[in-house]
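Good morning, and thank you for coming.

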Amino acid sequence: MKLDWAAETVGRMHLLRVTGLELAKEAGISNSYLSAVLHDKKGDDKTRQNVTEALDRIEQRQAPGARN
């Protein structure tokens with residue numbers, strides 16, 4: 001479900017201390033578009049996958065011992 005995806009994404013952002021602006025930049029979209037996607041106003045499965053992959057990349061960079 002899209003709302004479950006949004007809740008999980010926002011939760012991960014909180015745990016990683018990632019702002020919407022940082023995630024949007026990593027995903028290659030605007031902060032306002034990311035907000036619309038998270039509120040299920042815009043975007044599709046491909047957009048959500050792109051955002052998830054961007055968050056995965058951020059998480060990998062923050063992992064202990066990760067090379068930046």
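Leu34 touches Gly20, Leu23, Ala24, Ile29 and Val51, leaving out residues up to four places away in sequence; contact here means heavy atoms within 4.5 Å. The model is predicted, so local features need pLDDT of at least 70 and side-chain atom pairs count only at pLDDT 80 or more, while totals for chains, interfaces and linings use all residues. Residues are numbered from 1 along each chain as its sequence is written, and side-chain values use heavy atoms, without hydrogens and water.

Leu34 also belongs to the largest nonpolar core, which has 15 residues. Such a core is a set of buried Ala, Val, Leu, Ile, Met, Phe, Trp, Tyr and Cys residues joined through side-chain atoms within 4.5 Å. Trp5, Leu23, Leu34, Leu38 and Val51 have the most contacts inside this core. The elements giving two or more residues to it are α1, α2, α3 and α4; helices are DSSP runs of H or I with at least four residues, numbered from the N terminus.

Let us turn to α1, which spans residues 2-16. Which residues of α1 are buried? They are Trp5, Ala6, Thr9, Arg12, Met13 and Leu16, where buried means under 20% relative accessible area, exposed over 50%, and partly exposed in between (1.4 Å probe, protein chains only). These residues lie on the same side of α1, because they cover an arc of only 130° around the axis, taken from the directions from the helix axis to the C-beta atoms. They pack against α2, α3 and α4. The face turned away from them carries the exposed residues Leu3, Ala7, Glu8, His14 and Leu15.

Technical notes: The expected span of a helix is 1.5 Å times one less than its number of residues.
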